[in-house]
Amino acid sequence: MGPGTAMDSQLLSVLLLLLLGAWSLRGQGPEPGGPSEEPGKEEVPEEDGILVLSHRTLGLALQEHPALLVEFYAPWCGHCKALAPEYIKAAALLAAESAKTRLAKVDGPSEPELTKEFAVTEYPTLKFFRNGNRTNPEEYTGPREAAGIAEWLRRRVGSSTTRLEDEEGAQALIDAQDIVVIGFFQDLQDEDVATFLALAQDALDMTFGLTDRPQLFQKFGLTKDTVVLFKKFDEGRADFPVDEELGLDQGDLSRFLLTHSMHLVTEFNSQTSPKIFAARILNHLLLFINQTLAPHQELLAGFREAAPPFRGQVLFVVVDVSANNNHVLQYFGLRAEEAPTLRFINMETTKKYMPADRGPVTAAWVTTFCHSVLSGKVKPYLLSQEVPPDWDQHPVKTLVGKNFEQVAFDETKNVFIKFYAPWCTHCKEMAPTWEALAEKYRDHEDIIIAELDATANELEVFAVHGFPTLKYFPAGQGRKVIEYKGARDLETFSKFLDNGGKLPEEEPTEEASAPFPVSASIPRFQASDMLSDGWLWD
């Protein structure tokens, strides 16, 4: 063997050893218990205890957190900005309890993939994810304040009711809160129990208990399945027997609890107004008094005395004219000096009623007035300002309730009207454009551009719930009304008028000319100036 052959053999041996070593190293991982490296794994960032998610990290967050509430927000959204501090507080409350639930947020405009996947159409939208389930998150329907957010989550992750085994436990629960709801069910596996528990998850302002113990049925005088509301005011207790044939209807029970959890007489303020509207009692009777005056306070006794027979049919409310309730006075066309006085309103039709005489506010007088309205003996009244002397002297004509009909339904004119509220931001922003439109068409004898303050003037033909509302009343017979839904700029307005009350690509929407009731249910956090809660707006 020559020298070259020996060197080649040695080189081959070295290469073979290197290859064998590399091969053996390929299968080796870290030592048991040692650090594990996953190149490319992204950490989920946090801000103020809130997880900040993207399309890359949502899946990771769902894997790590079995209970995850996600807020889809927009940086420019005013309602999102208002929610932000409460959302942070809720996260802190849950963290302090070492809860398994985490709060997270997604910048919607920056994450179009996620907003599309979860059908997000408005901000803020909140969705609750359980056990990593990405396909069926639950819509968040709870309050927008910290304690309510935390409680909503607690009742989904933990128990929404307290299981009661004996009299001592039941009495302790009843004594602990102003309002306690206990479900008495002979069989806790019954479907009615599931209905009861589902309601308990969402009724956050009430404490719930559940029992099947015969001794508790006996203690509270019950012989069949019943939901009982215990309260430390008014009647003290209200029973809702479960229908033996139809079972427990969640909607009926919810209305019952809302109705009976309210005081017979509720004083209006910022804390009670949401509950007043949520009670879904269509008829409201309002007593306007000055709480700083002793003679006015003395009227409350008669008002309360009249309330019990109307429980569930008419909501009795006290409005203090000495407090910051000017918006309520304005809605009813009242001045503070007119107190004490009564007003009645139906929330579905928004029709208002006043007593025919200013008698003393006694139980008998209040009862008679209520019965008269409910039986149709009292006609509703409409608010209207006086017609200004110069109502037609400017490019934009000023309409009020008293001159609306003659102008809007003038058969020789095409009338375009803006219905506005003085406090409405969108109305203020649109005002210069509306003035420019009126100036542009001021020499067209058959076109009138007008405006009407819908908070101070009411119309028999229709109610106005959103601001601004734009309606077009074309010339000719038939009292036609066309609602304008296009862009609010001068060019589009002009095209609408030049095309006889329709945009080229749209067909007009006609409304009936006869009087008709209109009701609106506007999401509380929708970004628009809406009169969503009738007289409850502020």
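Analyst: The mean pLDDT of the protein is 87, and 86% of its residues reach 70 or more. Here pLDDT is the predictor's confidence in each residue, from 0 to 100. This is a predicted model, in which local features need pLDDT of at least 70 and side-chain atom pairs count only at pLDDT 80 or more, while totals for chains, interfaces and linings use all residues. Residues are numbered from 1 along each chain as its sequence is written, and side-chain values use heavy atoms, with hydrogens and water left out.

User: Which pLDDT does the stretch 3–7 have, and how many contacts beyond near neighbours in sequence?

Analyst: Residues 3–7 have pLDDT below 50 and one such contact in the model. A contact means heavy atoms within 4.5 Å. Residues 507–533 also stay under 50, with 58 contacts beyond four places in sequence. Where pLDDT is low, the predicted coordinates should not be read in detail.

User: What makes strand 19 largely enclosed by the rest of the structure?

Analyst: Strands (E, at least two residues) and helices (H or I, at least four) are DSSP runs, numbered from the N terminus. Strand 19 covers residues 447–453, and seven of its seven residues are buried, so the strand is largely enclosed. Ile-447, Ile-449, Glu-451 and Asp-453 point one way, and Ile-448, Ala-450 and Leu-452 point the other way.

User: How do you know which strands pair with strand 19?

Analyst: Two strands pair if DSSP finds at least two bridges between them. Strand 17 (residues 397–399) is joined to strand 19 by three bridges, and strand 18 (residues 414–420) by seven. Both pairs run parallel. Leu-399 stands opposite Leu-452, and Tyr-420 opposite Asp-453.

User: Which hand does the crossover from strand 18 to strand 19 have?

Analyst: A crossover is right-handed if, with the strands pointing away from the viewer, the path from the first strand over the helix to the second runs clockwise. The chain passes from strand 18 through helix 16 (residues 425–440) to strand 19, and this β-α-β crossover is right-handed.

Conventions:
Buried < 20%, exposed > 50% of the residue type's maximum accessible area, 1.4 Å probe, protein only.
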